[in-house]
Amino acid sequence: MTSSSNSWLLAALLLLPLVGAAVVTGLRGNDRVAKLTALGFSLAEFALAIGAWIAYAPDGARIQQHFSFDWIPAFGVHISFGVDGIALVMIAVIGLLVPLVIGAGWAEKLPEGRTAGGFFALILLEQALTVGVFAATDVFLFYVLFEIMLIPMYFLIGSYGGARRQYAAVKFFLYSFLGGLIMLASVIALYVMSADELGGQGTFDWATLVQTVSDAPLSTQIWLFLGFFIAFAIKAPLVPLHTWLPDATAEAPIGVAVLLVGILDKVGTFGFLRYLLPLFPAASEALTPLVLVLAVAGVIYGSLLAVGQSDMKRFVAYVSIAHFGFIALGIFAFSSQAMTGSVTYMVNHSIATGMLILVIGMVIARGGSSRIADYGGMAKLTPLLAGTLLIAGLASLSLPGTSSFISEFLVLVGSYPNAPVYTIIATVGMVFAALYVLWLYQRIMQGPLRGAALVGATGGAAPATVEGGGGVAVATEPETKKILDLNSREKWVLAPLVLLIVGLGLYPKPVLATVQPSVDATMCAAGQTDPVQSAERQLQCP
Amino acid sequence: MTTTLAEGVVDASGAASAAWLLLALPALGAAVLLIGGRRTDKWGHLLGSGTVIAAFALAVVTFFGTDFAQQHNLHLWDWISVNQLVIDFGLRIDALSITFVLLITGVGSLIHIYSIGYMNHELRDRRRFFAYLNLFVSAMLLLVLGNSFVTLYFGWEGVGLASYLLIGWYQGKDFAATAAKKAFLMNRVGDVGLALAIFLMFKNFGSTQYTEVFAAVGDAPTGLIVAIGLLLLLGACGKSGQFPLQAWLPDAMAGPTPVSALIHAATMVTAGVYLIARSSPIYSLPQAADARLVVMIIGAVTILIGCVIGCAYDDFKKVLAYSTVSQIGYMILAVGLGPAGYAFGILHLITHGFFKAGLFLGAGSVMHAMNDEGDIRRLGGLWKKMPITFWTWTLGYLALIGFPFLSGFFSKDEIINAALGQEGPRGWIFGGVALLGAGLTAFYMTRLLILVFLGKARWTGLKSADGKDYHPHESPTTMTVPMIILAVGSVAGGFILSMVLPDFLVPAIGEVQETHGALSHTMVGILAVAISAIGAGIAYLIFGRSEQPVERPQRVTFAVRAARADLFGNHLNEALFARPGTWLTRALVYVDNRGVDGLVNGIAAGLGGSSGRLRRTQTGFVRSYALSMLGGSILVVAALLVVRFA
């Protein structure tokens, strides 16, 4: 076994949620204790993630907190984990979102026969596996975790979701699993090639593979590239491989939708950066037009479909498809600005879209419907909820002052020099983003009170007589529904996200400084240089 | 200790180094009021007004305590920095920005005070109103104070948000929500232009900071400079309601009147003029001649559109809104003239800020007194009931139509003169449009004056929309005092500013280029006044001598119908974008559900027989498969670990 300094932090990050999952499973009998325990574990995990971030030295080695031991010696498979700046920020985002998801799911109505303990145990298990996917530095280990990661998610959707949950879960599983199988072929081919190259024993070690197979002939690279690309393009859904996401998002419980869109999907774009570019630099460059076309098509197509949705949860899925288009554009435009933008986009999208889904969940929890047409004028009843929906929406349309602006701006300004036409089309997507966000907000929150979910409802806030200072009781009619504004648990769930959206919008340096060295290394491994030259502050490759 | 960053740009010191407080104060006000919620209801309006008044005081101190022969750069923190791309969060304090800061905080303070009285019907929500106003002031100050195109963009979209929130203030009403959304969307169309201009700057000059971009543009090729100039103009058109993006501004009148005065007359809508004046090192280049010509054309076309539609509307605030559209057209025309016009564009912007804010506040005062009635055919004869409102409004009216020696006279006259001074037919065309616009302005403004304040009181015996009688009354002191101050500014401001402002602005936007047209400056002044007098006289002949009907005449010429329908601009939008867009999204949703998805499902079904059977078998199959895979994986991992560590 080998390890570098601080590797105990990463090991603890991997093990803690597993232990948590086991403990919470054991507590299924008592919902309240199970919930509190799950929350405790997730908060401890978050603290660990912050610790790992502090311990990480951005200017040090690419992969840090590394540890490794043999798994299948006959094939050179290792259980080896380590983080670079990109993986680290994603692990931190997971650490942030899981406690919020647990908090948001506190009062979730689960289908009959399901317990909160089982639900939260699966979430913790999913957390451990996703941390593993981002931290794996052995390609075979990555593949195994990439597939196993589907299983808790399959049960989270299929057992705890909405009416069509079985269909959505199966679709999700088949898409992802088949994509993974195609990737497996490429993974095995990598091993064979490394065996040829190294003479005898091959390897799955990522760093060794980058050095041994990245100069393979272009035709070989293209086949292997496609094997990985299809798996990743399904995960980070690029049009036309996206159709599983709206169904899965719509049927998944709210917290699970957050994990699905906020974290699982990012494995795809993470894979672009970690595997496609360094392992297949020539193919990456040759196939750039393909990826850029899909990316920009996704921006426009996802936006237009988001405008046309009649269901809030499906709406979020299409918004995300548009956003993944931006991320893919930034990665394949090959400049350190755009690529840094894409990585921060992955972080900020998790925060902003995570918040959007959570707020929409709170709307649905009150109105009992996810159909947009069942709402209208809700801001009158729930001004705070309306405000948070607007903040989440503004972050989704990348308004300056929100963290999403930093990433979208970097993606576009960095993509323009190499891919001007694609960038111009994607920039037009900004207008669509304003349209789908503000139109959703208008239909749910503005106008006179209307819609099947709200008609006859009264607000929980102080009655309109407040100016007179009197405490006149509001007459309650039989059909009156009482719709209350955010409660304190919901405020605690949303407040950290609002703070991060604004804080990282004004001062994004902590994230930028953490990821940029890893982005630079990725640029160098892909054999790319920045299109905009400058005398100082140029991208330096070793 | 000052270090030179570029020619004429030094690090800020002294009063200028506290300039960050200018935006921090209102931003803090907004944050306290929004986060504090109901707890701040009692004193929210005082805090909101206080932060802006304090910012104004600070601006005055900065104005007197700083040497504006130089431009001062205040670095706050590294905002966005990735290798070559370095974007400061920083401010530039110079003659141009301090002029705007004084206007924004000065008029802003007056309008905050006015709002205390105006919003007293909505005590529960008043502090949220003040929070949004504070948010606006802060963003607007960032827009004019930022030291790079990206900080400008930050403020640019920030004021767009504040404008959205305030237009949609009466969000329980569908038309307000729709108007707010429309404003944001049309602004975003312009923002795309601004964003693309920024991308071009980074690609070609490696920076987005003013200092570095302006240092590098000199040698840039014509195509690039024209492209940047036109893209910046697109941004300016969106924010400043210029053709073809003017349609949102009249709808924006759905917001409370103080908002119309502050945001949609005095400050935010002039941001496009600021953008072009700030980019004067780009627009002044010889390579930018074609871009300047397009700027002039846009300005001239907008002057006419605004005037023509303004003649036909019966809504008090919408007439003023179209008046704003056309007056900003004058400013855009002026800055399009290049070094001959920048200073006069800014001069007109400042004087317009005063008298148009006053006109809007007067309109608000009337509507406040008349149960929110904005239809000028249902007003009339109000001068007796509301003397202060009437007299202050009349002074603003005289300033706007260019009555000799009031403020609009000086600023508009300079623009007309500079336009006439262009060489060849250009001078006659643009000068002629500017003169014609002056006549039309006098016409529709006189019509407003007569229908609202003079003539017979047509509202007696009518009921308001909420079924009440009209009891017009003069407004409270918090409302009349700001109106009086603005009226004084409308009278005296033009004379004083026209003497000092052009020289004051030289370090920021360069020397004024003298123009010499066929007519002498005095002749131009006399001509402009004469044409205005004709416009006002015609309005008196039509509207002043006979009683006007309360109902809008329906049997009118095609020209009036076209003007009433915004010259069919909205119909065009509807036909070109809205309806095809709706169909497109519907078709795509259908295709995505049936087509793309159906294809995938269909292939799966085709492989496995009937789809129903497939779904059944799949469900059972995947579930057991997943479970066995999970079990298997755990077993394998466990076994391997045992073997390894045994």
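Helices (H or I, at least four residues) and strands (E, at least two) are DSSP runs, numbered from the N terminus. This is a predicted model, in which local features need pLDDT of at least 70, side-chain atom pairs count only at pLDDT 80 or more, and totals for chains, interfaces and linings use all residues. Residues are numbered from 1 along each chain as its sequence is written, while chains are lettered from A and ligands numbered from 1 in the order in which they are written.

**View 1**
Asn6(A) sits in the loop between β1 (2-3) and α1 (7-26) of chain A. Its phi is positive, about 65°, although Asn6(A) is not a glycine. Most residues other than glycine have a negative phi. A residue is buried if 20 or more other C-beta atoms lie within 10 Å of its own, exposed if 12 or fewer, and partly exposed in between, with C-beta atoms placed from the backbone. Asn6(A) has 19 other C-beta atoms within 10 Å, so it is partly exposed. Phe334(A) lies in the loop between α15 (312-332) and α16 of chain A. Phi of Phe334(A) is also positive, near 55°, and this residue is not glycine either. Phe334(A) counts as buried because it has 24 C-beta neighbours inside 10 Å.

Most peptide bonds are trans. The bond from Val239(A) to Pro240(A) is cis, with omega near 5°. Pro240(A) is in the loop between α9 (218-235) and α10 (244-251) of chain A. In chain B, a cis peptide bond joins Phe243(B) and Pro244(B), with omega about 5°. Pro244(B) belongs to the loop between α8 (222-240) and α9 (248-251) of chain B.

**View 1. The side of chain A that touches chain B.**
Two residues are in contact if their C-beta atoms, placed from the backbone, lie within 7 Å. Chain A brings 60 residues to the contact, and chain B brings 54 residues. Elements giving two or more residues on the chain A side include β2 (64-72), α7 (165-198), α14 (288-308), α16 (336-367) and α19 (420-445) of chain A. α19(A) gives the most, with eleven residues. By class, this side has 38 nonpolar, 16 polar and six charged residues. Here Ala, Val, Leu, Ile, Met, Phe, Trp, Tyr, Cys and Pro count as nonpolar, Asp, Glu, Lys and Arg as charged, and the others, Gly among them, as polar.

α14(A) has 21 residues. From first C-alpha to last, α14(A) reaches 30 Å, close to the 30 Å expected at 1.5 Å a residue. The expected span is 1.5 Å times one less than the number of residues. Of the 21 residues in α14(A), 15 are buried.

**View 2. Ala495(A) in helix α20 of chain A.**
Ala495(A) has its place in α20 (residues 488-506) of chain A. Ala495(A) counts as partly exposed because it has 14 C-beta neighbours inside 10 Å. Ala495(A) and Leu506(A) are eleven residues apart in sequence. In space they are 17 Å apart, C-alpha to C-alpha.

Two strands pair if DSSP finds at least two bridges between them. β2 (residues 9-11) and β3 (residues 71-82) of chain B run parallel, joined by three bridges. Val9(B) has Gln71(B) as its bridge partner in β3(B). β3(B) and β4 (residues 85-93) of chain B run antiparallel, joined by nine bridges. Leu74(B) has Leu91(B) as its bridge partner in β4(B). The hairpin of β3(B) and β4(B) has two residues between the strands, and Asn83(B) takes a positive phi near 45° there.

**View 3. Confidence along chain A.**
pLDDT is the predictor's confidence in each residue, from 0 to 100. Chain A averages 89, and 96% of the residues score at least 70. Confidence is lowest in strand β4 (residues 457-459) of chain A, at a mean of 70. The highest is in α18(A), at 96. Over residues 461-478 of chain A, pLDDT stays under 50. For that stretch the model has nine contacts beyond four places in sequence.
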